[in-house]
Structures are given as structure tokens and as C-alpha cells.
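Please keep the sequence and the model in view while reading.

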Amino acid sequence: MKQLLLITILLITIISGLTAIEWMQVSEIIIPINSITEAGDALYYLGEGGLYKEENSVITEYSFPGFSFRSGIMISDTQLALAVVDGVPNPNSGVYIFDTTTNQLTQMSMMSGPKELSYNSYNETYYCTSDSGLYLSYNGLVWSESELITNATDMIAHVDDIVYLKQGDTLKEADVAGETSFAYAGQGTITAPELTEISGMVASQQHPGVYWAITDSGADAVVYALTEDGTLINTFMIPMSDNRDYEDIALGKLEGDDQYYIFIGDIGDNANSVGIYQIYVISEPDNPYGVAVDLPLDNVFHFQYPDFNYDSETLMYDQPTGNFYIMMKADYDNADVGNKLFELAAPQVNGLRTVVEVAQPDFPPDFIVQRGATGGDISFNGDDILVRTYDHVYYWYRSESMSVPEAMSVAPTVLPYNIEAQGESVCWSLFTESYLTASETVTNINRYQRNLYNEVVLPFSMFNEIGLGMDNTLQCAVTTEPNYGIKELDGNTWLNLVPDVQVDKFLQIPNGDFIFTGNGGQIEYHYGGVNVQIGEPTQTGIINNI
């Protein structure tokens, strides 16, 4: 909104044909302002030592001495996420939440030198650049450092499903919508003897780096907290549950409920004789590292199949719809059984329900020979689907307009997988930057990392800033001759929009013209191929952060 205020002042003056540009004071705020965030009918000016709220021409100050508010983004009607730096060294730097109803400021995460907050609608993920790497969040509250970007990141721009990162004079890009290139990235070793038969794993959404796991039939009714390197964190008993045949585990929120739940699928049936199957529901523990406590059952969902007692080892939960999906394991006596997908549709209620067959996924011809699905997972945002067998891992990307059955009705991508003896577990990491596999008989957890954030080959060597043009195109300010100026990426070609000028900060306005700082600190306006000086060097602070 700061940008719009400045643009309005300039355009009115230019359109009126005046030869002299006059600057108007639009606020009495006198502290340095780093950025401005719009929140409903209000504007929040984020500055050094505090923030200011302007609503109905009334300005309210909220003082936080020592804090530098760098950027902000609304994550709900009443919650403003803020990137805050607290001195050097900065133990209290990180992402904070400012409650716009109570005016309380609460730290949600710690990171070194947080800079720019943004949101990508394609993968429904929040991003924060920082001096220590790139941080991600699904809700703006729980943040975790990217597995792939762990060094200083300056700026970020989102062009549809492509994320661009500026790291010094390096530009990286990532396709967040269904990138299918993965590579083996190492393994962890399980040393705890109680974890020798892992049949299911799922990433925690509240505790970055924590995975919940279960073991197969005959074991205790427990859920384990562990890390991806195989370290056992804690063991939680579920005294009201019976591990008849735990086969898979999922996690999510139920419709109308903000609590995270762990869903345990007691769905195995080797003899095809059980008839009624259970999904146990327990609240995700608040502290996986604390004293282990017994976990009470919050609910049990009972279901049956419409025509047969199927054996299954795959339970998946789709957070966007609240539906459960159960994938059959193959049956040599019934060759088509192994590719049936059943749905237990939301809302999830008590009582015995009958699941509905909704798809027969388009697996390769040798799928049945591989003895069918032994595990699966749907990413928390619903975009990415995994199903594994003993011999392969299959992947589907699901666009926003598709249901899970529709997505799985096309041929999957076969992902890298080092065959494990009786491998039954597969799950996504917190932000689907990697997937993990585990076996019932081998004490390893294998990780496969997504090949995101590839370096963009540039025809220039140094640039100050990246931003978005009016047509949602990537633009950058190049600072080295002979290529300096404002460039725009058109396909694989960089177009010269404002040539032969030193640019520090820039903004493209709705008519396609530019306002920028450069040439020794002057503020200039570029229109019709001409650069017009509209501010003295002493005024550059006015648009230092456009």
C-alpha cells in the first residue's frame, strides 16, 4: 500500500502537466519505515523500534524498543506475521505474530536475520528469507528451515508456480507444482530394538523434524516419535487401543477442529476375515520430547468394504477435503484387487460406515506382481501423493481442481527407490522437499530429496533486487555495465526495460512505467523511454523500500 500512496502522488502531478514535482507528507510518522502491510481497512507501518497502525486517518503507535520490523504478511483476519530482527547477536530474531485484536506480540520461531515474508498460493506455503536460509510454514505459525536452502537468502519472488530466490548474485528457481526429480540423499540408522518392524511413518506438522511411527501386528499399542536419522525420541502408549494389525499412519485436522490428530489404520487382514476395520484417532502430543504420557483415544472410526474383506497396508488422509483413502494390497487369487482405491468421505462420524470404491489407479502392468501397495501418504496441502510397493515408489501431482481419485487415475511417475526387504513405510517430509522410506526388517530410514532451486544462468553478473512486473513477470535491477538497468525475464530471454542506468530499488506502476532509485541516490521516473529526476538524493529514504 505504501507503493500505491507514492504512485498516486506522482501520477497526479505528472498527468496535470506540472513541470515541478512536489512531495506530499502523507503521515506524521518520523521513525524509519522498512515496509508497509495492509490489514483489512488498516495499514501497518513496520519500522525501527515499533509499528504504527493507520485506520480511518487515526495513527496508533505500538512501541517495541530494540526490535526492527522488516516485513509483514496477514495470515488470518486477526494475525499479522512479522519478520523481526532483535539486535546483534539476535537471539530473539525470528517470525512473530501480532494479534490485531489484543495488540500482543508473540514469537513463533527463531532465525538469524529474517528479511522478507511471502506466500505462494500454488503450494499454499509461507516463506521467509533470512541470513541463515529459507524458512517455510503452512500456517504462518509453525516454521521450519528448508532442507534445501540452508545459507543466506536475500529476496524471494513468486511467478505463478515458480519460486525465485536471490542469494547474493545468484538467482535460483524452483517449480513448486509437481517437480518430479528426486535423488537419493542418504539414510539414518534405527538402533532402538522396539522399532525393528516399522509399518508406517508420518511427519509431524507441529514439531519440525519429528516423525510419528507405528509397528506391525503383535507389537504394543504405541506410537513412536523419532527423527529422520532413526533416533528414537519418545514412546507413547495408547492403552485404549489394540494393535490387532496396525499397518499405516496419517496426520491432519478433522473438519471444524483446529487440533492435529494422529490417525492409525488398523486395516491389515491377511486372512481376509476381519470384516470391520478401525482408524484410531489420538491428539498429537504437545511435546514429543517431554515425559511420555499415555495417549487417550479421541475417537475410533469403524468401516467395512462393500463386497469383500480386503487386506490393506495403505491409509492416507487428504487434509483439504477431510477424506480418508485406503489402498488395497494385492491378492494373488483375485488379480484386480491390488489397484482399488476406497474412500471414507468427510465428515468423519461415529458408527459403522461402508467405504466406497472411487478409483483404480493407473499402475504399471507389473503392479500386482509386486504384491501391491504397502504404504502411502498425501502431503498436508494435498498436492503430492505417494504410494509404495516392495519394489517401487509412485508419485502423482494433484492440481487444485482435481480430486484425489482423479489425480490417481492417470499414470504415476516412478520415483527413485533403493529396494528394501519388506519395505512398508513411505511418507513426505514436512514441506514435501523429500520423502522417506523404511522397512519392517531393515533398520534404515532412506531419504530421497527433491531437486528444487536450480541456479538460473544469467547474462549478467551482479544485480541488486528482484521483483514482479505488472504482468506477474520476474524483473531485476542489474548493476554491472554494459548490461545495467531494469531487466524482465520473458521465457528464456532478458528484456531491457530501463537500460543504461544504475538502479538500487524499483517499482513498476500500473501503466508500465517505473519509479526507481539510483544514479547516486536520485529518485527517478521512467516513462516513454525517458528518465526524469523527481527527487534529490536526500529524499531517497522516502522510497528506500519500494
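Strand β40, residues 503–508, runs antiparallel to β41 and is joined to β41 by five bridges. The model under discussion is a predicted one. Within this pair, Gln508 has Phe514 of β41 as its bridge partner. The two strands β40 and β41 form a hairpin with five residues between them, and in the turn Gly512 has a positive phi of about 95 degrees.

On its way through the sheet, β41 also pairs with β42, residues 522–527. Five bridges join β41 and β42, and the two run antiparallel. Here Ile515 stands opposite Tyr525 in β42.

How many of the five residues of β41 are buried? Strand β41, residues 514–518, is mostly covered, with five of its five residues buried. In a regular strand, side chains alternate between the two faces of the sheet. In β41, Phe514, Phe516 and Gly518 point one way, while Ile515 and Thr517 point the other way. All of these residues are buried.

Five of its five residues are buried, and β11 is described as mostly covered. Met155, Ala157 and Val159 lie on one side of β11, with Ile156 and His158 on the other, and both faces are covered. Five bridges join β11 to β12 in an antiparallel arrangement. Val159 has Ile162 of β12 as its bridge partner. The hairpin of β11 and β12 has two residues between the strands, and Asp160 takes a positive phi near 55 degrees there.

Leaving aside neighbours within four places in sequence, Thr473 is in contact with Val159, Gly467, Leu468, Glu488 and Leu489. Thr473 is placed in the loop between β36 (463–468) and β37 (474–478). Is Thr473 buried or exposed? Its relative accessible area is 18%, and because a residue under 20% is classed as buried, Thr473 is buried.

Four strands form an open sheet in the order β7-β8-β9-β10, with antiparallel pairing. Strands β7 (114–120) and β10 (144–145) stand at the edges, and each has a single partner strand, so one side of each is left without a neighbour in the sheet. Strand β9, residues 133–137, pairs with β10 over two bridges in the antiparallel sense. Tyr135 stands opposite Glu145 in β10.

What does Ile264 touch, not counting residues up to four places away in sequence? The residues touched by Ile264 are Ile214, Ile238, Tyr246, Asp248, Ile249, Gln278, Ile279, Tyr280, Ile282 and Leu315.

A search of the whole structure finds three cavities of 30 Å³ or more. The largest cavity holds about 170 Å³ of space. This largest cavity is lined by 17 residues, and the closest to its centre are Asn123, Val176, Phe431, Thr432 and Leu452.

Two cysteines may be considered next. Cys128 counts as buried at 0% relative accessibility, and Cys476 counts as buried at 2%. A disulfide is a covalent bond between the sulfur atoms of two cysteines. The structure holds zero disulfides.

The chain may finally be viewed as a whole. Its secondary structure comes to two helices and 43 strands. Of its 546 residues, 55% count as buried. Among contacts with a separation of 6 or more, 47% are between residues 24 or more positions apart.

Terms used: Residues numbered from 1 in each chain as written. Predicted model: local features only at pLDDT ≥ 70, side-chain atom pairs only at ≥ 80, totals over all residues. Heavy atoms only, no water. Pairing = 2+ DSSP bridges. Disulfide = S-S within 2.5 Å. Buried < 20%, exposed > 50% of the residue type's maximum accessible area, 1.4 Å probe, protein only. Contact = heavy atoms within 4.5 Å. 1 Å grid on protein atoms, 1.4 Å probe; cavity = no way out; pocket = protein on both sides within 12 Å on 5 of 7 lines; lining within 4 Å. Points joined across faces, edges and corners; volume = space filled by probe spheres on them.
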